[in-house]
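Me: I would like to go through some of the terms used for this structure and see what stands behind each of them. Could we take them one at a time?

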Amino acid sequence: MGLKVKLLVSGLFLIVFVIGADSFIIAPLLPAIERSFQITVSQAVFSVSIYAFCYAIGAPLLGPFGDRYSRKRLLLIGIGSFLIGSLGCALAVNIMSFYVFRAFAGIGAALTLPNVWALIGQTFHGQQLNLIMGITMSALSLSIAIGVPLGAGLAQLANWHLVFWISAVLAIGTLIGLWFVVPTSQPRVKPQRLTYLHSFKLIFKVRRTRLLLTTTLVWMLGFYLVYTFLGAYAVHQFGLSSFQVGSLFSIYGFSNFVASFLSGYVSVKLGALRAVQLNGGLSALFIVGLGFNHQRMVLLAICLVLLAFVQGFGVTALNTAVVNLIPSQRSTVMAFNSSFLYLGLTLSSVLGGLLYTTIGFSGICVVASIALLLAVVVIQLVVKQV
């Protein structure tokens with residue numbers, strides 16, 4: 001791997017880390033934001049919802065532009081919008097202005113991340129694509145491991161605004177780095193041959209695309225059903241403190257980071273689709289282990305680490321498979337893939353909220369396992385088409 005490639009991968013890694021950390025770091029800040037603006041908990045949580053909503057809606061709407069114009073330019077615009085959002089949140093004097101700038105950050109992230117994945121798919125091929133995708137996606141896992149405890153620590157040691165100042169400084173560094181390390185290149189399809197609506201028609205016309213996007217939706221629904229309510233279960237069942245729960249999620253994040261970083265080697269050996277199938281099945285197994293372990297905290301931690309590893313391998317392999325579906329439409333495809341991820345997260349919170357009070361965490365784990373196994377079945381339909 002030459003110097004230029006290393007600098008490019010480092011730059012993309014930093015982009016993904018900064019945006020990922022912003023998504024996870026806000027959760028521990030919500031009580032401080034609530035007190036600062038003298039608002040209710042639900043009003044504070046809405047700042048998370050508006051970011052996710054702008055990402056989920058913005059990604060597919062902005063996706064086709066990445067297939068028509070310079071991805072470097074779009075990445076600069078995306079990080080620039082994210083920077084404005086971070087600076088605005090740092091300077092916000094009331095909750096309405098905070099909402100507006102969280103929306104800016106969400107739109108910036110929606111324009112940036114799909115074009116990162118598309119740029120990787122355009123630049124790298126074969127074994128190198130698997131390796132680079134794994135390295136870059138591991139930045140999301142690292143942001144989970146670092147974001148939550150960092151946000152909690154900064155919220156206790158200083159004013160919560162400091163978190164967004166740090167995010168803005170990192171965004172500035174990323175913006176400068178992008179300018180130098182990302183090559184200036186146009187998509188390989190002539191812009192005049194791609195209309196905005198044609199991008200959407202082409203994606204959903206291809207059966208494999210529909211199947212893989214469905215896999216993303218079902219997979220994320222199953223995973224986030226468990227992930228969202230794991231903390232509450234750990235507190236109620238094992239009496240963990242907030243710090244201990246944060247440590248539990250950090251263990252997951254670091255384990256997932258290692259797996260994602262190394263996942264390219266697994267995809268090379270098995271092939272991306274087979275890696276998705278294997279790790280989807282194992283995910284279902286370890287989720288059942290989480291749900292029916294009611295007595296030993298050590299077993300819960302072991303199942304969580306194992307789940308972190310197979311999720312790291314599986315999700316990265318799924319991303320690698322999706323990015324090559326339609327080479328001329330990489331940005332649009334990855335934008336929809338990101339949108340379906342957030343849709344899975346949204347559905348999991350709604351469905352999980354209904355299920356947790358009726359069938360408990362064990363029941364949720366059963367439903368989640370069924371969802372992961374369904375994703376494996378859908379992938380088998382894709383394999384038959386290859």
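Reply: Contact here means heavy atoms within 4.5 Å. The model is a predicted one, and in it residues of α11, including L273, V276, G280, A284 and I287, meet residues of α13, among them F361, C365, A368, L372 and V376.

Me: What makes α11 and α13 roughly antiparallel to each other?

Reply: Helix α11 (residues 272-291) and helix α13 (residues 330-385) pack with their axes 8 Å apart and at an angle of about 170°. Angles over 145 degrees count as roughly antiparallel, and α11 and α13 are therefore described in that way.

Me: Why is Q38 called exposed?

Reply: Exposed means over 50% relative accessible area, and because Q38 has a value of 74%, the term applies to this residue. Q38 is placed in the loop between α2 (30-37) and α3 (41-66), and its phi is near 55°, which is a positive value in a residue other than glycine.

Me: Which residues form the nonpolar patch on the surface, and which helix gives the most to the patch?

Reply: The patch is formed by L91, L162, W165, I166 and L170, which together have about 420 Å² of accessible area. Helix α7 (residues 161-181) gives the most, with four residues.

Key
Residues are numbered from 1 along each chain as its sequence is written. This is a predicted model: local features need pLDDT of at least 70, side-chain atom pairs count only at pLDDT 80 or more; totals for chains, interfaces and linings use all residues. Side-chain values use heavy atoms; hydrogens and water are left out. Patches are made of residues with over 30% relative accessible area and no salt bridge: like charges are joined within 9 Å, nonpolar side chains (Val, Leu, Ile, Met, Phe, Trp, Tyr) within 5 Å. Accessible areas come from the Shrake-Rupley method with a 1.4 Å probe; for residues, only the protein chains shown count as cover. A salt bridge is a side-chain nitrogen of Lys or Arg within 4 Å of a carboxyl oxygen of Asp or Glu. Helices (H or I, at least four residues) and strands (E, at least two) are DSSP runs, numbered from the N terminus. Axes are lines fitted to C-alpha atoms, for helices over the stretch in contact, and angles run from 0 to 180 degrees between N-to-C directions. Angles under 35 degrees count as roughly parallel, over 145 as roughly antiparallel, 65 to 115 as roughly perpendicular and the rest as oblique. Buried means under 20% relative accessible area, exposed over 50%, partly exposed in between (1.4 Å probe, protein chains only).
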